[in-house]
Amino acid sequence: MEAVSIIIPAHDAARTIARTLASLALEKEIIGEVLLVDDSSSDATAAVASETALRFALPLRVIKSSCRDAGGSRNLALEQACFPWIYLIDADDLHLEGGLRALLAKAVAEPGADMVVGAYRRRVDGEERSTKLPGGYTASGPANACAYLEGRIRSIAVGSALVSRRAVGETRFATGLAYDEDTLFWVRLMAKASLEIVTQPVFVYFVSAERSDDRFTVRPAGRFLEWRLALRRLRSCGIPERSLKTREGLVALKIARVHYARGDFDMAARFLGVAEAAPRAGADVWRCMRYRLKIALRRRFSAPAAQLQRA
């Protein structure tokens, strides 16, 4: 069976990297290399990883980096990956036994496949929430890319997909973005790739709700504009304008929800306006209407309270 290059970006991951590497150990017969990109860590990430790899006989190579960016770290490893298949996982997630074998077996069974996407389990703040099943994909790339951007098919998480090095080619992650760089990478691949799926969960995705939401509260307008510029570069892949605009609206609505939840109604209203201007499915039209009403009500009832405090 063909071998796989594992890519793991890591920054100050000494607390979690041993667990992640140990979760891959039962797949070591098909792992050709593990490229761990130690990105400006101030802890013992590299030492812990090296000790763990030695204990489990994993073919680890540590690449030192000063990117301070997960996308940039992944790009460094993509430049150096040697094996026909590439599997990306983060330094705080868990691979599930047999997952990598299932992805690779599907790829080998379907000789034309460039990508294989598996299911994954999502754990938020330590609580397992749901199993995300891949669905709605077709065999043709451009249709998948548009449906993915528009939220009509299940998202791919880093750790749930196996991709051929041939298909990746010169495709790289966008750098310097606060969010959604993974989506841009997967869309570029899907625009040209033949895709297969497996319904077996292949990894556990650990999510911190607070940390995830924090990305949208620092320089929200500036970061959104930077991301939108990177999004629009997908035109070079033949992605239609409508799909790009739809993605803008989906991300803007997500940012609006975060600011509403944290009490910044002005910023929530600004991003809600962006979402309302984008093409939307019926469910998203209703969400925008609901948040517009909630913002109006919160503003109305918070104004008298503020007046009482001043009095």
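This is a predicted model: local features need pLDDT of at least 70, side-chain atom pairs count only at pLDDT 80 or more; totals for chains, interfaces and linings use all residues.
Visitor: Let's start with the helices; at what angle do α1 and α2 pack?
Guide: Helix α1, residues 17-24, and helix α2, residues 45-56, pack at an angle of about 25 degrees, and their axes are 9 Å apart. Angles under 35 degrees count as roughly parallel, and α1 and α2 are therefore roughly parallel to each other.

Visitor: Is that crossing left-handed or right-handed?
Guide: The crossing of α1 and α2 is right-handed.

Visitor: And which residues meet there?
Guide: From α1 the contact involves I17, A18, L21 and A22, and these meet T45, V48, A49, T52 and F56 of α2. By type, the residues of this contact divide into 7 nonpolar and 2 polar, with no charged ones.

Visitor: What about α9 and α11, how do their axes cross?
Guide: The axes of α9 and α11 come within 11 Å and cross at roughly 20 degrees, which makes α9 roughly parallel to α11. The crossing of these two helices is right-handed.

Visitor: Which residues of α9 and α11 meet?
Guide: P220, A221 and F224 in α9 meet M267, R270, F271 and V274 in α11, and the residues of this contact divide into 6 nonpolar, no polar and 1 charged.

Visitor: Staying with α11, which of its residues are buried?
Guide: The buried residues in α11 are F265, M267, A268, A269, F271, L272 and A275; of these, M267 and F271 also take part in the contact with α9.

Visitor: How far apart are the end C-alpha atoms of α11?
Guide: They are 18 Å apart, which agrees with the 18 Å that the 13 residues of α11, 265-277, should span at 1.5 Å a residue.

Visitor: Changing topic: where is V163, and is it buried or exposed?
Guide: V163 is in strand β8, residues 161-164, and with a relative accessible area of 2% V163 is buried. Not counting residues up to four places away in sequence, V163 touches P84, W85, I86, D114, M115, V168, W186 and L189.

Visitor: How far is V163 from V124 in space?
Guide: The C-alpha atoms of V163 and V124 are 26 Å apart, while in sequence the two residues are 39 residues apart.

Visitor: Last one, where is L234 and what is it in contact with?
Guide: L234 is in the loop between α9 and α10, and at 0% relative accessibility L234 counts as buried. Leaving aside neighbours within four places in sequence, L234 is in contact with L149, L184, V187, R188, I239 and L244. R188 is 46 residues away from L234 along the chain, yet their C-alpha atoms are separated by 7.1 Å.

Definitions and conventions:
Residues are numbered from 1 along each chain as its sequence is written. Side-chain values use heavy atoms; hydrogens and water are left out. Axes are lines fitted to C-alpha atoms, for helices over the stretch in contact, and angles run from 0 to 180 degrees between N-to-C directions. Helices (H or I, at least four residues) and strands (E, at least two) are DSSP runs, numbered from the N terminus. Angles under 35 degrees count as roughly parallel, over 145 as roughly antiparallel, 65 to 115 as roughly perpendicular and the rest as oblique. A crossing is left-handed if the near helix is turned anticlockwise from the far one by less than a right angle, and right-handed if clockwise. Contact means heavy atoms within 4.5 Å. Ala, Val, Leu, Ile, Met, Phe, Trp, Tyr, Cys and Pro count as nonpolar, Asp, Glu, Lys and Arg as charged, and the others, Gly among them, as polar. The expected span of a helix is 1.5 Å times one less than its number of residues. Buried means under 20% relative accessible area, exposed over 50%, partly exposed in between (1.4 Å probe, protein chains only).
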